[in-house]
Amino acid sequence: MALLGVMNSELEQRVAAFLATHHVMSLANLFYVCDGLALIWVSDPDTRHSRDIAADPRVAATVAPDYSDFADIRGVQVAGVAQPIVPMQERKQHLALLEARYPFLGELAKGPTKLREAYARTTVYRLRPARIVLIDNSKGFGHKETLEISP
C-alpha cells in the first residue's frame, strides 16, 4: 500500500506540473488557476454552466492543448465537485491568484464602470477533484494514469 502512495505522490506531481503549464479547462472554456490540484475560475452566475453547477455540483472538465498528431496528445480529465467560493477573504485570495496569472482580470477591476461592475458580479468557483486521469500518448496510444483523491 505504501508503494501506491509513492506512485500517487509522483503522479500527483506530474499532474500538478501539467496543470501549471496550461491555461484553459474545458468545462465551458474557462481560464483557471491552480490551488494545489483544485481549479479556480470566475464566471457569471447566470451562465448555463454556472446554473448547472448550482443544480448539481458534480462536474467533469478537461485540460489539454490543441494537437494535430495523436501521438503527442497529453491532457488531464478531472472529475469532482465545483462550488462557489463564498467567504469574502477566500474569494479575495483566489481572485488575487487569478489576477496574478491573468493580468487582464486586474485591469477589468480598474476599468470603466460597466466592466468593474460586471467583474464584481462574477462568482469565484473551485473544482475540488475526486479523480484525475493523466493522458499521455507519448508513452503509448491511450496511455492513462489515474489519481484518486481522498476528500
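Modeller: With the elements. Helices (H or I, at least four residues) and strands (E, at least two) are DSSP runs, numbered from the N terminus. Bear in mind that this is a predicted model.

Biologist: How many helices and strands does the protein have, and in what order do the elements run?

Modeller: There are five helices and eight strands. From the N terminus on, the order is α-β-β-β-β-α-β-β-α-α-α-β-β. The C-alpha atoms fill a box of roughly 50 × 35 × 30 Å along the principal axes.

Biologist: Next, the interior. What is the general idea?

Modeller: In soluble globular proteins, nonpolar side chains tend to be buried together. Here, buried residues make up 34% of the 151 residues. The largest nonpolar core has 22 residues. Val15, Leu19, Met25, Leu39, Trp41, Val63 and Val76 have the most contacts inside it.

Biologist: Which elements supply at least two residues of this core?

Modeller: Helix 1 (2–20), strand 4 (38–43), strand 5 (58–63), strand 6 (74–84) and strand 7 (123–136) each do. A second, separate core has 10 residues, including Val42, Leu98, Tyr102 and Val124.

Biologist: Now a charged side chain. Is Arg126 buried or exposed?

Modeller: The cut-off for buried is under 20% relative accessible area. Arg126 has 10%, so it counts as buried. Arg126 is found in strand 7. Setting aside neighbours within four places in sequence, its contacts include Asp35, Trp41, Val81, Glu90 and His94.

Biologist: And Lys144, buried or exposed?

Modeller: Lys144 is exposed, at 51% relative accessible area. Lys144 lies in strand 8 (residues 144–148). Beyond neighbours within four places in sequence, Lys144 is in contact with Val133, Leu134 and Ile135. Lys144 and Val76 are 68 residues apart in sequence and 9.2 Å apart in space, C-alpha to C-alpha.

Biologist: How do I read a helix with two sides?

Modeller: Start with the geometry. An α-helix has 3.6 residues a turn, so residues three or four places apart point the same way. Now look at helix 3 (residues 88–101), with its 14 residues. From first C-alpha to last, helix 3 reaches 20 Å, close to the 20 Å expected at 1.5 Å a residue.

Biologist: Which residues in helix 3 are buried?

Modeller: Arg91, His94, Leu95 and Leu98. They cover an arc of only 105 degrees around the axis, so they sit on the same side of helix 3. On the other side, Gln89 and Ala100 are exposed.

Biologist: What do the buried residues of helix 3 pack against?

Modeller: They pack against strand 2, strand 3 (33–35), strand 4, helix 4, helix 5 (113–121) and strand 7.

Biologist: And aromatic rings?

Modeller: A pair of aromatic rings is described by the distance of the centres and the angle of the planes. A search of the whole structure finds four aromatic pairs. Phe31 and Phe104 form an edge-to-face pair, 6.0 Å centre to centre with 70 degrees between the planes.

Biologist: Where in the chain do Phe31 and Phe104 lie?

Modeller: Phe31 is in strand 2 (residues 30–31), and Phe104 is in helix 4 (residues 103–110). The pair links distant parts of the chain, 73 residues apart. Phe31 is partly exposed at 42% relative accessibility, and Phe104 is partly exposed at 43%. Phe31, Tyr102 and Phe104 form one aromatic cluster.

Biologist: One last stop, the backbone. What is the phi of Asn29?

Modeller: Asn29 has a positive phi of about 50 degrees, although it is not a glycine. Asn29 lies in the loop between strand 1 (24–26) and strand 2. At 58% relative accessible area, Asn29 is exposed.

Terms used
Residues numbered from 1 in each chain as written. Predicted model: local features only at pLDDT ≥ 70, side-chain atom pairs only at ≥ 80, totals over all residues. Heavy atoms only, no water. Core = buried A, V, L, I, M, F, W, Y, C linked by side-chain atoms within 4.5 Å. Buried < 20%, exposed > 50% of the residue type's maximum accessible area, 1.4 Å probe, protein only. Contact = heavy atoms within 4.5 Å. Phe/Tyr/Trp six-rings, centres within 6.5 Å; stacked < 30°, edge-to-face > 60°. Expected span 1.5 Å × (residues − 1). Arc of directions from axis to C-beta.
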